[in-house]
Amino acid sequence: MEITSFKLILIFLISSLIGIESILDQFQLHRPLLSCTLIGLILGNIKIGIMIGGTLEIMSLGWINIGAAICPDIALASIISTLLVIIGKQSIGSGITLAIPIAAIGQILTIIIRSICISFQHLADKIIENNKNTIYISYIHIIALILQALRISIPVLIFCYSMKTETIKNFLNIIPDFITKGLNISSNIIVTIGYAMVINMIKEKYLMPFFYLGFIIAGSTSFNLLSLGIIGLILSILYIQLSPKYYEFKYIKNNKNNKNNIKDNELD
């Protein structure tokens, strides 16, 4: 599949928006499910984009910036992995596995750009101290956002150009089959670890029986995700209605309403 100039421009624009969103967090475009889907939509294969994005989303749920610690850049990894699978004709497992080292490279780029942006902060402080026009602070913010956009879009353009010149394709074609198969196996392991991390973060002992029940139903039946979701919704409603906590909350709420009604009647 060849990348036309129009698609290349769209990829550049979307990559720039994703780079900005990785800092702003306004519309969450940097999340794998959205970024991979957008790239897949541009390349005419939205199904592959959703599949890669959904898997990377689970893997990256535990990747959070804490203080000065910068997590791997899942935004750059999502875009390049999607390009690698759709344009490079690689398997989804290979694309997902290669997302890890790509995210590590993106992490280094993030640290470099953020280090540069520190000087902008000092410049803004000087503008305030010297009582200069604060409009310059807005310009500083815009320049910093442009750098964040280029942090994603430039590596993506370089990758697209390499794909266009068959450089990466030729490199991928010489990879032995046992390495490709190993990448597919490791990708399944990574996904499993991702699910385990998520379950470990959100697990509640009194809700785990529902998880085991859902696991059994999904494994022993041919229900699709919509059916499983509806079953889960019905079970959650039944659980809430039958739970003593629900009746206790309802009882307290009714008592409060009765007390308010009595007070209103006394005032009248």
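**Labels and the values behind them**

Me: Why is E57 called buried?

Reply: The model is a predicted one. E57 has a relative accessible area of 16%, and buried means under 20%, so E57 counts as buried.

Me: What makes R31 and E57 a salt bridge?

Reply: A nitrogen and an oxygen of the two side chains are 2.8 Å apart. The cut-off is 4 Å between a side-chain nitrogen of Lys or Arg and a carboxyl oxygen of Asp or Glu, so R31 and E57 qualify as a salt bridge. R31 sits in the loop between α1 (5-24) and α2 (32-42), while E57 belongs to helix α3 (residues 46-60), and the two are 26 residues apart. As for cover, R31 has 17% relative accessibility and counts as buried.

Me: How many salt bridges are there by this rule?

Reply: The count is two. Besides the pair of R31 and E57, the side chains of D73 and R151 meet at 2.6 Å, N to O. This value is also within 4 Å. D73 lies in the loop between α3 and α4 (74-86) and R151 in helix α6, so the pair ties together parts that are 78 residues apart in sequence. Both D73 and R151 are buried.

Me: What makes the pair of F211 and Y212 edge-to-face?

Reply: A pair of aromatic rings is described by two things, the distance of the centres and the angle of the planes. For F211 and Y212 the centres are 5.7 Å apart and the planes stand at 65 degrees. Pairing needs centres within 6.5 Å, and planes over 60 degrees apart count as edge-to-face, so F211 and Y212 form an edge-to-face pair.

Me: Why is the pair of F211 and F215 called tilted instead?

Reply: The centres of F211 and F215 are 6.5 Å apart, and the angle between the planes is 40 degrees. Stacked needs under 30 degrees and edge-to-face needs over 60, with the rest counting as tilted, so the pair of F211 and F215 is tilted. The two residues are four apart in helix α9 (residues 208-220), which means that about one helical turn separates F211 and F215. Ring pairs link F211, Y212 and F215 into a cluster, and the count of aromatic pairs in the model is four.

Me: What makes Q148 buried, and which residues does Q148 touch?

Reply: Q148 has a relative accessible area of 4%, which is under the 20% limit, so Q148 is buried. Q148 lies in helix α6 (residues 135-164). Leaving out residues up to four places away in sequence, Q148 touches G19, I23, I113, R114 and C117.

Me: How much of the chain is buried, and what is its secondary structure?

Reply: Buried residues make up 33% of the 268 residues. The chain has eleven helices and zero strands. Of the contacts between residues at least 6 apart in sequence, 70% join residues at least 24 apart. The accessible surface is about 17,100 Å², and 68% of that surface belongs to carbon and sulfur atoms.

How values were computed:
Residues numbered from 1 in each chain as written. Predicted model: local features only at pLDDT ≥ 70, side-chain atom pairs only at ≥ 80, totals over all residues. Heavy atoms only, no water. Buried < 20%, exposed > 50% of the residue type's maximum accessible area, 1.4 Å probe, protein only. Contact = heavy atoms within 4.5 Å. Areas by Shrake-Rupley, 256 points an atom, 1.4 Å probe, with all protein chains shown as cover. Phe/Tyr/Trp six-rings, centres within 6.5 Å; stacked < 30°, edge-to-face > 60°.
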